[in-house]
Amino acid sequence: MWGLPTTLSIEPTTSCNLRCPECPSGLRSFTRPTGMLESSLYKKVIDQSAGNLTWLHLYFQGEPFLHPGFLDLVKYADEKRIFTSTSTNAHYLNEKNVSEILASGLKQLIVSMDGISQEIYEKYRVGGSLEKVKKGLRLLLEKRNEEGRKFPRVILQFLVTGQNEHQIPRLKDWAKEIGVDELQMKTTQIYDFENGSELIPSELGYSRYIPDGTGKWKLKKQIENKCWRMWQGAVVTWDGKVVPCCFDKDAQHVMGDLKEKPLTEIWNSQGYRSFRTQLLLDRSQIEICKNCTE
């Protein structure tokens, strides 16, 4: 290794208010411990990384705004001149929160909204209220513009499925109307994709999977023995475990524990180096790589 990680994803919490069907938080299906990130552990990681970190994503699993000190976490990193980003289902964008978000220094807010009508939205965002999301997002953008701020940049993310793909034209119109900075169409990760799923869109340009010719489905992109993520960044769970990437949702490949060792030591450890070597030799032997588009 010639350098240190320039990006980190740190998990504020595994808790979530929704029940999305392809998400371990939504399914409440974690085999790893669940909980909330401690402020002292977080500050320790940021202090260790501030010299080499340029980008911090305060998200892994769960809904970040359920962490009672979430915006304090943002502020701490921002004061150390680290670009901060998060992903949210936007159910906690309210009058009080919006002002605090704008003052926190958060640079990027990714809002997941997978439908433009309640009926379609709740097919994936089970238990969610589209009206609440729309109202909160509009409020944030209005206040940001009133105050003449550039940040946070708001990215509206649409997980394209077979259930909502027909709503893309309406979504584009609405996104333009309220003035989000960017609209992203995201492909859906499906756990048991081999037998197909109603979540696979008919427009395969928006799909990670294609028919294999035998009645089954396969990854559209062939897995190659390389991955830039292993040399660029890592993911930290709420309890301080370092895992190689965001596809390791259940922390099956723990490279080290930040409660016991500094990040630089874990990053250069024999276990981490062996994992990278295996990936270069035969990535198909690593379970978390089998459903990956990178």
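**View 1. Val-236 in strand β9 of the predicted model.** Val-236 belongs to strand β9, which covers residues 233-236; helices (H or I, at least four residues) and strands (E, at least two) are DSSP runs, numbered from the N terminus. This is a predicted model, in which local features need pLDDT of at least 70 and side-chain atom pairs count only at pLDDT 80 or more, whereas totals for chains, interfaces and linings use all residues. Residues are numbered from 1 along each chain as its sequence is written, and side-chain values use heavy atoms, with hydrogens and water left out. Val-236 counts as buried because its relative accessibility is 2%; buried means under 20% relative accessible area, exposed over 50%, and partly exposed in between (1.4 Å probe, protein chains only).

**View 2. The surroundings of Val-236.** Leaving aside neighbours within four places in sequence, Val-236 is in contact with Leu-8, Ser-9, Ile-10, Glu-11, Lys-241, Val-242 and Leu-258, where contact means heavy atoms within 4.5 Å. Val-236 and Leu-37 are 199 residues apart in sequence, and their C-alpha atoms are 10.0 Å apart in space.

**View 3. The largest cavity.** The count comes to 1 cavity of 30 Å³ or more. A cavity is a set of points, on a 1 Å grid over the protein atoms alone, where a 1.4 Å probe fits but cannot get out; lining residues have an atom within 4 Å of a point. The volume of the largest cavity is about 80 Å³, a volume being the space filled by probe spheres set on the grid points, which are joined across faces, edges and corners. Its lining has 13 residues, of which Cys-227, Met-230, Cys-245, Cys-289 and Cys-292 lie nearest the centre. The lining of the largest cavity divides into 10 nonpolar, no polar and 3 charged residues (nonpolar: Ala, Val, Leu, Ile, Met, Phe, Trp, Tyr, Cys and Pro; charged: Asp, Glu, Lys and Arg; polar: the others, Gly among them).

View 4. The bond from Phe-151 to Pro-152 is cis, with omega near 0 degrees. Pro-152 is found in the loop between α6 (130-146) and β5 (153-160). Most peptide bonds are trans, and most residues other than glycine have a negative phi.

**View 5. Two alanines with positive phi.** Ala-90 has a phi near 70 degrees and lies in the loop between β3 (83-88) and α4 (95-104). Ala-90 is buried because its relative accessible area is 0%. Ala-251 has a positive phi of about 50 degrees and is found in the loop between β10 (241-243) and β11 (256-257). At 16% relative accessibility, Ala-251 also counts as buried.

How values were computed. 1 Å grid on protein atoms, 1.4 Å probe; cavity = no way out; pocket = protein on both sides within 12 Å on 5 of 7 lines; lining within 4 Å.
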